[in-house]
Amino acid sequence: MSECSHNCDTCSQKCDSRDPKSFLERPHEMSTIRKVIGVVSGKGGVGKSLVTSMLAVALKRRGWNTAILDADVTGPSIPKVFGVKERAMASSMGMFPVKSKTGIDLMSVNLLLEDETTPVVWRGPVIAGTVKQFWTDVIWDDVDYMFVDMPPGTGDVPLTVFQSIPLDGILIITSPQELVSMIVAKAVNMAKTMNIPILGIVENYSFARCPDCGKEIKLFGDSHIEETAAQFGIDVLAKLPIDPELAKACDQGVIELFHGDYAEHLCDVIEEKAPVTKE
Ligand SMILES: Nc1ncnc2c1ncn2[C@@H]1O[C@H](COP(=O)(O)OP(=O)(O)OP(=O)(O)O)[C@@H](O)[C@H]1O
């Protein structure tokens, strides 16, 4: 249209801006992926990979086939958390995820690099292209729940991931010391723009528990997560403590041996809001 006002509310023309082409990519023709949940955060280091890993482990224990697509290409921590060292294999048909000790399918850039300490110094479009390939070129066999460990923030790469992979819902991970309201607002608006349901918010590092008396200590002061969540009409699904055992399990690559129940309510919500039906 030559006279486009860029305001669809005041225009009745049917054009590309009103009916934008879908950027969604098709998964590999041999893949079966039933539900895809994105795990997002406003910034790095808030525990996004940890929550992603705990969810995959907890739902696997409930009998679901789970997988993790590590879309955090410049800060890939999934292989380390699972203690997986082998390289991903490929054939003329496509790439294959690496299985964790309990059978969780994993794909991450660190499973492709010769040396996991090699930094990924790639431009945004190359990073986004890699994530797309993890979706289109990897053969994900019989996955009930796939978790996408999203790149932090709401920049170019997360936007491409949001657009390319058909997410059934997202979980927003925050920490009490973040500028929570603004960060949640950005994530909520991004999800709304893409029409992706928000399953809820998880606050990590909410408190530490005194090892002697069991008292909860709020290291970062009082949390305002409930007010923020109410403001956007979304639920706070969990408040996770700083747990040295959890940190140790991640550092040692044995997250599958950790037996806390932190992810249980999150699993209930995922099973309810993104139910899997097998043929
Ligand atoms: N609740 C917790 N208790 C103890 N340690 C935690 C907790 N949450 C996260 N950690 C530790 O903090 C570090 C950062 O967590 P994680 O890698 O999950 O963050 P992230 O948001 O995915 O970061 P990035 O986006 O930079 O990859 C990890 O070493 C992890 O083991």
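Because the model is predicted, local features are reported only at pLDDT of at least 70 and side-chain atom pairs only at pLDDT 80 or more, whereas totals for chains, interfaces and linings use all residues. Residues are numbered from 1 along each chain as its sequence is written.

The secondary structure of the protein amounts to 8 helices and 12 strands, where helices (H or I, at least four residues) and strands (E, at least two) are DSSP runs numbered from the N terminus. Of its 279 residues, 41% count as buried, a residue being buried if 20 or more other C-beta atoms lie within 10 Å of its own, exposed if 12 or fewer, and partly exposed in between, with C-beta atoms placed from the backbone. Among contacts between residues at least 6 apart in sequence, 79% join residues at least 24 apart, two residues being in contact if their C-beta atoms, placed from the backbone, lie within 7 Å.

Eight of the strands are arranged in an open sheet with mixed pairing, in the order β5-β6-β2-β7-β1-β8-β9-β12; two strands are taken to pair if DSSP finds at least two bridges between them. Strands β5 (98-99) and β12 (236-239) stand at the edges with a single partner strand each, so that one side of each is left without a neighbour in the sheet. Within the sheet, β2 (residues 66-70) and β7 (residues 143-149) pair in the parallel sense over 5 bridges, and Ile68 stands opposite Phe147 in β7. Strand β8 (residues 169-174) has 5 of its 6 residues buried, and is therefore largely enclosed by the rest of the structure. This strand, β8, pairs in the parallel sense with β1 over 5 bridges, with Val40 opposite Ile172 in β8, and β8 also pairs in the parallel sense with β9 (residues 198-203) over 5 bridges, where the bridge partner of Ile173 is Val202 in β9.

Around the ligand there are 20 residues, of which Gly44, Gly47, Ser49, Leu50 and Cys250 come nearest; a residue is assigned to these surroundings if its C-beta atom, placed from the backbone, lies within 6 Å of the molecule. Two or more residues of this shell are given by each of the elements α1 (48-61) and α7 (244-251). By class, the shell has 9 nonpolar, 8 polar and 3 charged residues, with Ala, Val, Leu, Ile, Met, Phe, Trp, Tyr, Cys and Pro counted as nonpolar, Asp, Glu, Lys and Arg as charged, and the others, Gly among them, as polar.

The unreviewed UniProt entry carries the annotation "binding site" for Gly42, Lys43, Gly44, Gly45, Val46, Gly47, Lys48 and Ser49. Val46, in the loop between β1 (33-41) and α1, counts as buried because it has 23 C-beta neighbours inside 10 Å. Lys48, found in helix α1, likewise counts as buried, with 27 such neighbours inside 10 Å, and, leaving aside its neighbours within four places in sequence, Lys48 is in contact with Val39, Ser41, Asp149, Pro152 and Ile173.

Two further positions were examined. Glu116, in the loop between β6 (105-107) and α3 (124-136), counts as partly exposed with 13 C-beta neighbours inside 10 Å, and its C-alpha atom is separated by 17 Å from that of Ser49, 67 residues apart along the chain. Leu159, in helix α4 (residues 156-164), counts as partly exposed with 18 C-beta neighbours inside 10 Å.

Methods. UniProt positions are given in the numbering used here, feature names are shortened, and annotations may be inferred rather than shown by experiment.
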